[in-house]
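Have the sequence and the 3D view ready, and look things up as you read.

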Amino acid sequence: MASEDNSNLEALKTSMENLNVQQQPSSSSRNDAASGNGVEVTCFTEVVDDVNLHLQIIHLGKQIYAWIGCNSGKLGHLYAAASTRPNNTASVTCVLGGNSDNSGTGIARRLVLKTGLNIMLASNIPKNSPLLEANAEKKLVEKLIHLGYATPKSKGTSS
């Protein structure tokens, strides 16, 4: 039995030595994520008005999962939002967390309209903090634009 274990261990060592790992360039993985073949994860923290906002964006091809954490790593409410036809509006529902509040539903709705993608948004922003909510959404949208998932507002032309 011991000799069988040794032979299995030797076979494992040999196969590990022959293992070749290839890394893909970041631009290739970026293109795969954009075409729906991969997952791209972005995490960052911003300090706004002495409050730590932790944000995570997971791009899943045709949808985005975003999490906004306020001073903690709690999930908070989870919202699902998608564009609806024919009026190009957005429908939002609270998937987890009990009663929905206006802050999460509003952010999720606006993200759908700005990105054109389905959105899953988790947020634990306190309910009575409209300024914090606005700042969190602003930081999230800035990052989405930087990553190429949303288009910036056009500056309007003068005539």
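Is P130 buried or exposed? With a relative accessible area of 59%, P130 is exposed. Here, buried means under 20% relative accessible area, exposed means over 50%, and partly exposed is in between, with a 1.4 Å probe and protein chains only. P130 sits in helix α4.

Before going on, a word about what you are looking at. This is a predicted model, in which local features need pLDDT of at least 70 and side-chain atom pairs count only at pLDDT 80 or more, while totals for chains, interfaces and linings use all residues. Residues are numbered from 1 along each chain as its sequence is written, and side-chain values use heavy atoms, with hydrogens and water left out.

**The overall plan**

The chain has four helices and six strands. Read from the N terminus, the elements go α-α-β-β-β-β-β-α-β-α. Helices (H or I, at least four residues) and strands (E, at least two) are DSSP runs, numbered from the N terminus. Of the 159 residues in the chain, 34% are buried. A contact is counted when heavy atoms lie within 4.5 Å. Among contacts with a separation of 6 or more, 49% join residues 24 or more positions apart.

**The greasy inside**

A nonpolar core is a set of buried Ala, Val, Leu, Ile, Met, Phe, Trp, Tyr and Cys residues joined through side-chain atoms within 4.5 Å. The largest one here has 29 residues, and the members touching the most others are L53, I57, I68, L121, L140 and L144. Two or more residues each come from β1 (40-48), β2 (51-59), β3 (63-70), β4 (77-84), α3 (102-115), β6 (118-123) and α4 (130-147). Helix α4 gives the largest share, six residues.

What does L121 touch, leaving aside its neighbours within four places in sequence? The list is A66, I68, H77, L78, Y79, G104, I107, A108 and L140. Apart from this core there is another, of five residues, including I58, Y65, W67 and A122.

Now find α3. Which residues of α3 are buried? They are S103, G104, T105, G106, I107, A108, L111, V112 and T115. Their cover includes β3, β4, β5 (89-96), β6 and α4. Just after the helix, G116 takes a positive phi of about 75 degrees.

A salt bridge is a side-chain nitrogen of Lys or Arg within 4 Å of a carboxyl oxygen of Asp or Glu. By that rule the count is four. Three of them are in this table:

| Pair | Closest N and O atoms |
|---|---|
| R110 and E133 | 3.7 Å |
| R110 and E137 | 2.8 Å |
| E137 and K114 | 4.0 Å |

Together, R110, K114, E133 and E137 are linked in a network of salt bridges. What does the R110 and E137 pair tie together? R110 lies in helix α3 and E137 in helix α4, so this pair ties together parts that are 27 residues apart in sequence. E137 also pairs with K114; because K114 is in α3 and E137 in α4, that bridge ties parts 23 residues apart in sequence.

R110 is partly exposed at 33%, and K114 is partly exposed at 31%.

**Out on the surface**

The chain exposes about 10,400 Å², with carbon and sulfur atoms supplying 49% of it. These accessible areas come from the Shrake-Rupley method with a 1.4 Å probe, and for residues only the protein chains shown count as cover. V39, V41 and L60 make a nonpolar surface patch of about 250 Å². Patches are built from residues with over 30% relative accessible area and no salt bridge, joining like charges within 9 Å and nonpolar side chains (Val, Leu, Ile, Met, Phe, Trp, Tyr) within 5 Å. V39 lies in the loop between α2 (26-34) and β1, and at 55% relative accessibility V39 counts as exposed.
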